[in-house]
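Subject: Structure for you to look at

Hello,

Here is the structure I said I would pass on. Please open it next to this message and follow along.

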Amino acid sequence: GMIGFNEQLVFPTGVTYHQQGLSSSMDPSNISLGAIDLETGRVRDELLSRSFVVQNLFVNLSVIEPCTPTDSFNYQGPALFEAGPGGELVFSANCEVLIPYPRGFKFPTPSADGKPGYRVVRDSRLDPFLRMQAMCGGTATNVLSSGARHKKIEGESSINQKFSYAYSIPSDPADAHKAFFEYTNFDDDGTFKLTHLSWVSATNSRRSQAKPGEADTITFGGFGTWSKDSEVHQVSVQISTARQEPYVGIQVDGGTTSNVNTKPTEIETTIPLTED
């Protein structure tokens, strides 16, 4: 399944839930189902996709309220296969599900275990959603050397963590041993240094203005060191240098050791383009 980043879920009342260990896992017993129009690339009617959600709030929800559904959610919505600006195969889906939440049910408080729990005072609803945008393929290569080995780029994550990073990834796989990546999270007081590059891909953002043969997004994984111990650690990185859609996402050990991302503040900008 997909592994997420630490985030904060803020309700209109101002109550804030600190979310950690987020992930989404497809239900292996109920595979996704859809009929694809080969001329348009669209999924006819809607895509059906069953998936489990893992996050602090939902785990506490199942403990606080025993009537909470424990089966996977049956998401459904529009989906599309299309060619990206650099020849990439792009898949987009915007699925959701409505779950009634009757009056009298309990809902977790922002505490670590969700207890003692709020009591729902009127008939309500949960609105989980599953939004995906995935790319593969493409022919761009120049992006792989667009980083600066000795130029640190500073940033601030969507939960206000200060961090910096620098990278230089060779375009020739034979030069993978020359790959350089260094990431520091000042809130975690730790630094990751890449020692082995294991996988890399160059793609374009949806509204890319990159020249032919170039790309604005690099995604790579590898192994290296974390300054707080002597163990080997895994890293996953995605960097978009697109002017319209800049983004950085870094996970050390699947996010358990350290993770940051620069999620857009407006949720509307993250919704996949699945409409005509």
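Below is what was found in it, one topic at a time.

Please keep in mind that this is a predicted model.

The sheet
Eight strands make up an open sheet with antiparallel pairing, in the order S15-S16-S17-S18-S19-S20-S21-S22. At its edges are strand S15 (153-156) and strand S22 (258-261), each of which pairs on one side only. On average, neighbouring strands of this sheet are turned by 25° against each other, direction ignored. Tyr183 has Phe192 in S18 as its bridge partner.

Helix H1
Helix H1 spans residues 56-64, and its buried residues are Leu57, Phe58, Asn60, Leu61 and Ile64. Viewed down the axis of H1, these buried residues fall within an arc of 165°, so they line one face of the helix.

Aromatic rings
The whole structure contains 13 aromatic pairs. One aromatic cluster is formed by Phe11, Tyr17, Tyr101, Phe105 and Phe107. Elsewhere on the list of ring contacts, Arg131 has its charged end over the ring of Phe129, 4.0 Å from the ring centre.

Cysteines
How many disulfides does the count come to? The count is zero. A disulfide is a covalent bond between the sulfur atoms of two cysteines. For Cys95, the closest cysteine sulfur is in Cys136, 19 Å away, which is too far for a bond because the sulfur atoms of a disulfide must lie within 2.5 Å. Cys95 is buried, at 0% relative accessibility, while Cys67 is exposed, with a relative accessible area of 52%.

Backbone exceptions
Most residues other than glycine have a negative phi, and most peptide bonds are trans. The residues below depart from that background.

- Lys115 and Pro116 are joined by a cis peptide bond, with omega about 5°. Pro116 is in the loop between strand S11 (106-107) and strand S12 (118-119).
- Asp45 is not a glycine, but its phi is positive, near 60°. Asp45 is in strand S6 (residues 43-54) and is exposed, at 76% relative accessibility.
- Asp189, also not a glycine, has a positive phi of about 55°. Asp189 is in the loop between S17 and S18 and is exposed, at 60% relative accessibility.

Regards

Terms used:
Residues numbered from 1 in each chain as written. Predicted model: local features only at pLDDT ≥ 70, side-chain atom pairs only at ≥ 80, totals over all residues. Heavy atoms only, no water. Phe/Tyr/Trp six-rings, centres within 6.5 Å; stacked < 30°, edge-to-face > 60°. Lys NZ or Arg CZ within 6 Å of the ring centre and 35° of its normal. Buried < 20%, exposed > 50% of the residue type's maximum accessible area, 1.4 Å probe, protein only. Pairing = 2+ DSSP bridges. Helix = DSSP H or I, 4+ residues; strand = E, 2+ residues; numbered from the N terminus. Axes fitted to C-alpha atoms, helices over the stretch in contact; angles between N-to-C directions. Arc of directions from axis to C-beta.
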